[in-house]
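Welcome! Here is a friendly briefing to read alongside the sequence and the 3D view.

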Amino acid sequence: METWHEIAWKTWEKEQLEAQPSLIQEAVKFLDEERRAVWIERLGRPSSACARTMVRYIHSGATPWLVTPGLSWDIAEVPSAVFMAYPAPLGNDPLAMLGLGLLWAQNRPERLQDVVDKVGVAAIWAAWEGQMSVRVGASLWRSFVAHFGENRTDAPVQKFFASVTHVDVPVPQIAWGDFPNYQAYYDQLCYGVVPHDPGGASPHDIAAVLLALHFVPTPVRSMASHLATKALEGHLLTRAWHRAVTGPQEGEQTQW
Amino acid sequence: MVMGEAQLRERMQHPVIQERLVVTPLLSDAQVKGASIDVRLGTDFILMKRSAAGPIDPMAMRTGVLDYQERARVEVGEKMILHPNQLVLGVTLEFIQVPRDLMAYVIGRSSWGRLGLMVATAVMVSPGYRGSLTLELANLADTPVYLYPGTRVAQLVFHQVDGASSAYAGAGKYTGPVGPEFSKLSWDEDWQAIQRMQPEEM
């Protein structure tokens, strides 16, 4: 016979899940009892607009990402979804929220390549900005250093990854592309306008916007985070608008 | 002097950021047309709600404003309903910088006006303003109407300001927002004087 505690937990779980879409109701069934309660409680809190925007930009794979604020980074993959939590205080910063991509990729080469294809070298800075475990970006860092050299980063990032030498991870073959020229976007962020291209067009290079954000001085960082998020939203909207007007391009991802 | 299309486009390409007329993201080049720039309805809203905390006192609004408002986000492709006599604060999809030698007027599109939608009451955008524009949206008709973020909802008409030197940026109350902002009426310095002028109790 069930104790009243067991009944109470089941009732709470049922009530919490009633407000959630069927996708979540089905996905949590794959989690063990203890983890299920943790994720159900987290999923009751809405994720930040910035986190949702970043997920729209970097999402890869066939399964949806269910992103919630928490107190630390966490991930649980089940067949029908990927549960991910990020540190809530960092939720309004797009470079920190890029950490969701690293969290998903871990040290798997094909996934790391997916992330780099979308955000280039900014992925390296995201590990530091997101206060992630150094293990998460370890193999990406080694690949970066092999390709660009350590000196293309600044002191905080080098210090952050210094302990990577003690982490046993392979060095993946990553096609990095060019190092972005972020100066114009940096100037715009410091001045206090949403990063843009000539004529008011949305930035064509999101990696450059995110990298520029890293170098913005701390006193204006919060404001710059909002401006950079707005630029990312504009980039996504412009892409979606163009697709709606002209139709999807061949091979283009049209759903998140 | 009202700025024409060629002048608007020239200022939007200005190499010096302080002198540049910024309207971003510009989803369609056709938004710059004739003597105005069309702006679209953004995705963030502040819904005014009834409160048990008492009436709004513009003299003492620095705290407790959350009692009167609820924030909502409606993505492009979705819609929200605006009931008769309901006021919501919306925002332009575009972030705008008005250079210091220009000012702008926000003019609601007549097509929406004919449905009863009033788009903005604060129609002047000061020289030097930077940020998205908060739009006061009110349904004056008797029928509910849907609002669709992403639709062109107003137009900006820019004027040259002769001898302009004072800038909004830096000192203004509304500089730099990327979402709608609630009234900051209580920030007015006049309130201190008005408070001192209240008659003493007998």
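## A first look

Let us start with Y105(B), which sits in strand β8 of chain B; helices (H or I, at least four residues) and strands (E, at least two) are DSSP runs, numbered from the N terminus. This is a predicted model, in which local features need pLDDT of at least 70 and side-chain atom pairs count only at pLDDT 80 or more, while totals for chains, interfaces and linings use all residues. Residues are numbered from 1 along each chain as its sequence is written, chains are lettered from A and ligands numbered from 1 in the order in which they are written, and side-chain values use heavy atoms, with hydrogens and water left out.

**Surface patches**

- Y105(B) counts as partly exposed because its relative accessibility is 35%; buried means under 20% relative accessible area, exposed over 50%, and partly exposed in between (1.4 Å probe, protein chains only).
- Together with I107(B), V123(B) and M124(B), Y105(B) makes up a nonpolar surface patch with about 330 Å² of accessible area in total.
- Patches are made of residues with over 30% relative accessible area and no salt bridge, where like charges are joined within 9 Å and nonpolar side chains (Val, Leu, Ile, Met, Phe, Trp, Tyr) within 5 Å.
- Accessible areas come from the Shrake-Rupley method with a 1.4 Å probe, and for residues only the protein chains shown count as cover.
- On chain A, the residues E6(A), D32(A), E33(A) and E34(A) form a negative surface patch; Lys and Arg count as positive and Asp and Glu as negative, while His and the chain ends are not counted.
- The place of a charge is taken as NZ of Lys, CZ of Arg, CG of Asp or CD of Glu.
- E34(A) belongs to helix α3 (residues 33–43) of chain A, and its 67% relative accessibility is why E34(A) counts as exposed.

**Salt bridges**

- Over all chains, the whole structure holds 19 salt bridges, each being a side-chain nitrogen of Lys or Arg within 4 Å of a carboxyl oxygen of Asp or Glu.
- In chain A, E18(A) and K14(A) pair up in a salt bridge (3.3 Å, N to O).
- These two residues, E18(A) and K14(A), are 4 residues apart in helix α1 (residues 4–18) of chain A, so about one helical turn separates them.
- E18(A) is exposed at 56% relative accessibility, and K14(A) is exposed with a relative accessible area of 55%.
- In chain B, D38(B) and R152(B) form a salt bridge (2.8 Å, N to O).
- Because D38(B) lies in strand β3 (residues 36–40) and R152(B) in strand β13 (residues 152–160) of chain B, this pair ties together parts that are 114 residues apart in sequence.
- D38(B) is buried at 9% relative accessibility, whereas R152(B) is partly exposed at 31%.
- The residues E233(A), D44(B), R73(B) and E75(B) are linked in a network of salt bridges.

**Positions listed in UniProt**

- An unreviewed UniProt entry lists E136(B) for "active site"; UniProt positions are given in the numbering used here, feature names are shortened, and annotations may be inferred rather than shown by experiment.
- E136(B) is part of strand β11 (residues 130–139) of chain B and counts as buried at 17% relative accessibility.
- The unreviewed entry's "binding site" list in UniProt has several residues, including R109(B), W112(B), E136(B) and K173(B).
- R109(B) is placed in the loop between β8 (102–108) and α2 (110–113) of chain B, and R109(B) is partly exposed at 28% relative accessibility.
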